[in-house]
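Have the structure open and follow along.

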Amino acid sequence: MGAFKETKLPADAPAAQKALGWIDDRFPLTKLWNDQWGRYYAPKSFNYWYIFGSLAMFVLVLQIVTGIFLTMHYKPDANLAFNSVEYIMREVPWGWLVRYMHSTGASAFFIVVYLHMTRALLYGSYRKPRELIWLFGFAIFLCLMAEAFFGYLLPWGQMSYWGAQVIVNLFGAIPLIGPDLSLWIRGDYVVSDATLNRFFAFHVIAIPLVLLGLVAAHLIALHEVGSSNPDGIEVKENLGPDGHPVDSIPSHPYYTVHDLFGVSVFLLIFSAVVFFAPEMGGYFLEYNNFLPGDPLKTPLHIAPTWYFTPFYSVLRATTADFMWVLMAAVAAYVCFLWLKSRLAFRTKVVIAVIAIVAIIGMLPQVLDAKFWGVVFFGGSVMILAFLPWLDHSPVKSMRYRPTWHKYLFALLAVAFVALGYLGTQAPSVIGTIVSQVATLYYFAFFLLMPWWSTMGTFKKVPDRVVFHAH
């Protein structure tokens, strides 16, 4: 082992500098700061689509801090949970504010994450060499969904209780293992005190630990390969005499100020919601959740919180009649693969066999629509993980794609929002038809992407980033 070397500072150096030097001799604090932010060089052309990553980190910290204060007074007991939330709201000093910040923060988290993912779609931030960043981000998204699901039961209100009952029962549709899996998740034959305790443990301890690890991996991977930019150009390929990319600037102070402005605007909107509309018309906090959970009284309309409803609509759109359309769609897609794909013959045969088995399984006499609803529900989430390998476009950024590509992305956004809205509404004939059309488009967008993403006339990508001062 080498000898310990202490940094020599002038005798008249400020006390803060001496303290920092003492820490740096024993822990790489300054090095970590410089590597991860202080001297991390990022493309100079970031626009305001790039604030949502730092905003997501800010909201994560907000959720952890408010969650810690809530656990000080919350009772994870089926007989006490609802009243403990009421106690926080009515008796604990500023408890109502902490609770509303946490509940509004959950919705804000998903809004920010959805916008962050939208930016990735617009500028191809998931493309090589950032596939691993995207996969870590997707894993974070899955953890957020799990965290929100487990936390949703904790207030033990009517919608919490019945929403958990419905979602857990979905796993019962899986052949063979479904009933046992549902029982294992609940810890009882119905949603009960055992369910509440295990959901509390996952929400407060297990998922946050995994989430923090994934966030760290996401940031480390990002700073290893470098940030993307609106032009989709790799700035690291053009280095200056100082060894840094010529089209990049230090994150601090430039993007520190940039992100602080975004945080300020976010806090303004966030505070307005918390103080004036924390329920947001029943979308952030359902009115039924202000009633204690009652196993003997089912709400007229059970639906998950808005951030799950796009995928929930896919589940609800999978009706017995719609299965015939899906069978035809699977058959058409396999035929398309045989005609247009450059896959090996053996791979095509395997895909065709899997498709035939799936089509047979879709027959009413074999597996019911409920099972396939769960399959497409899961598939609508998991398909996002494969985006880096589905997009074969010669350019990354939407700026240099054909105009009609932008319309396809805009239609995806419309379909996603429509699915989300319809998932919050009671089932209707028109709503079911619209959700079925939106579901078909959603899957077609991704499954046909390897072909349509290469079609059309692409604009020439410039050699250097296009920068416009704000």
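What follows covers the overall fold, the nonpolar cores, the cysteines and the salt bridges.

## The big picture

First things first: this is a predicted model. The protein chain comes to 18 helices and 2 strands. Its C-alpha atoms fill a box of roughly 85 × 65 × 50 Å along the principal axes.

As for what is tucked away, 46% of the 470 residues count as buried. The accessible surface comes to about 24,800 Å², and 71% of that belongs to carbon and sulfur atoms. If you take the contacts between residues at least 6 apart in sequence, 78% of them join residues at least 24 apart.

## What sits in the middle

In soluble globular proteins, nonpolar side chains tend to be buried together. Here, the largest nonpolar core has 101 residues. Those with the most contacts inside it are Tyr74, Phe110, Phe141, Trp156, Phe199, Tyr442 and Phe446. Pick Phe110 and look around: leaving out residues up to four places away in sequence, Phe110 touches Phe141, Leu144, Met145, Ala148, Trp306 and Tyr307. There's also a second, separate core of 6 residues, with Ala42, Tyr50, Tyr123 and Tyr255 among them.

## Cysteines

How many disulfides does the structure hold? The count is 0. On the cysteine side, Cys143 is buried at a relative accessible area of 11%, while Cys335 is partly exposed at 48%.

## Salt bridges across the chain

The model has 9 salt bridges. The side chains of Arg130 and Glu234 meet with N and O 2.8 Å apart. This pair spans 104 residues: Arg130 sits in the loop between helix H5 (95–123) and helix H6 (131–153), and Glu234 in the loop between helix H9 (193–225) and strand S2 (248–250).

Asp231 lies in the loop between H9 and S2, and Arg399 in the loop between helix H15 (387–390) and helix H16 (403–424), 168 residues apart. Asp231 is buried, with a relative accessible area of 2%, whereas Arg399 is partly exposed at 31%.

## A local pair and a network

Now for a bridge inside one helix. Arg90 forms a salt bridge with Glu86, with the closest N and O atoms 2.9 Å apart. Why are these two about one helical turn from each other? Because Arg90 and Glu86 are 4 residues apart in helix H4 (residues 81–90).

Last stop: Lys44, Asp247 and Arg464 are linked in a network of salt bridges.

Technical notes. Residues numbered from 1 in each chain as written. Predicted model: local features only at pLDDT ≥ 70, side-chain atom pairs only at ≥ 80, totals over all residues. Heavy atoms only, no water. Disulfide = S-S within 2.5 Å. Buried < 20%, exposed > 50% of the residue type's maximum accessible area, 1.4 Å probe, protein only. Core = buried A, V, L, I, M, F, W, Y, C linked by side-chain atoms within 4.5 Å. Contact = heavy atoms within 4.5 Å. Areas by Shrake-Rupley, 256 points an atom, 1.4 Å probe, with all protein chains shown as cover. Salt bridge = Lys/Arg side-chain N within 4 Å of Asp/Glu carboxyl O.
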